Amino acid sequence: MKRLVKFLLNTFPRPLLQRLAGAGVPLLGLLYAGRGRECPVCGCRRRKFLPYGYVSPREDALCPRCLSLERHRLLWLWLTRETDIAAQRPALLHIAPEASLMKRFSKIYAPTPERYVTADLESPLAKMHFDIKEIPIADESFDFVICNHIMEHIDDDRRAMREVLRVMKHGARGVILSPVDPSRAETFEDDSVTDPAERTRIFGQYDHRRIYGRDYADRLRSAGFEVEEIDYAATLTREERRRYALSDESIYEVRRP
């Protein structure tokens, strides 16, 4: 299964995979019938989740029903337990919307769909399409922003961060998550690396442009955000972490002063 997943991810363009995954992945999930794992996003129960990853597919990663990954399940638990999004329905910008979270938010915002805006450069799932470095939206438009694993793909990530800040209202909250290597004190990037295979070797994925280090929060602060790094997995029980198959990456909560 790992080899099949790796082949699909590295062979077909992401927009095509996004269109086909909703039908194909649940079929693969039938091979994992059981009740050892539970997805907090959609409630799916399986013996374990599917593997996922471009280079070395991770075990227990992909929910076969809603397509959530470890980080999505962790973020959803934080959003539903530690914020009032579901009750208040703040004006929300969801950049590069994940299918699993978008389905849940669409239900939450069904009474006020205009307050939930999804956007991406090319994803067929999104309502709007734009470059995050040039967001065609007025200043101070949103109360909350979700931007999950996007900045590592952007050539000028600092400009993208400033654009996200610009469209947030003063006092607005958000989460801007990226993979961070805690063994690195500083972010590593090399714009001279353009070959997809070489990017995969150096950065871990063909379309990644950097590896963030422990300075990631400071990088967000330099764009103007107030930042809190939250080790949310550590606040959960061992049984919850096992049952939901969660990652241990930090949640970076941002605010616009």
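Residues count as partly exposed when their relative accessible area lies between the buried limit of under 20% and the exposed limit of over 50%. In this predicted model, Arg115 is partly exposed, with a relative accessibility of 30%. Asp143 falls in the partly exposed class as well, at 24%. The side chains of Asp143 and Arg115 form a salt bridge, 3.5 Å from N to O. Asp143 belongs to strand β8 (residues 142-148), while Arg115 sits in the loop between α5 and β6, so the pair links parts that are 28 residues apart in sequence.

The structure contains 24 salt bridges. One of them joins Arg210 and Asp157, with 3.7 Å between the closest N and O atoms. Arg210 is part of strand β11 and Asp157 of helix α6, so this pair ties together parts 53 residues apart in sequence. Both Arg210 and Asp157 are buried.

A further salt bridge pairs Arg243 with Glu239 at 3.6 Å between the closest N and O atoms. These two residues lie four apart in helix α9 (residues 238-244), about one helical turn. Glu239 is partly exposed, at 39%. Salt bridges with shared partners connect Glu38, Arg45, Glu239, Arg242 and Arg243 in one network.

Helix α3 (residues 70-82) spans 18 Å from first to last C-alpha, close to the 18 Å expected. Of its 13 residues, 10 are buried, so α3 is largely enclosed by the rest of the structure. Among the buried residues are Trp76 and Trp78.

Met102 lies in helix α5 (residues 99-108). Met102 is buried, at 13% relative accessible area. Beyond its neighbours within four places in sequence, Met102 contacts His94, Pro97, Tyr116, Thr118 and Leu125.

Definitions and conventions
Residues numbered from 1 in each chain as written. Predicted model: local features only at pLDDT ≥ 70, side-chain atom pairs only at ≥ 80, totals over all residues. Heavy atoms only, no water. Expected span 1.5 Å × (residues − 1). Buried < 20%, exposed > 50% of the residue type's maximum accessible area, 1.4 Å probe, protein only. Contact = heavy atoms within 4.5 Å. Salt bridge = Lys/Arg side-chain N within 4 Å of Asp/Glu carboxyl O.
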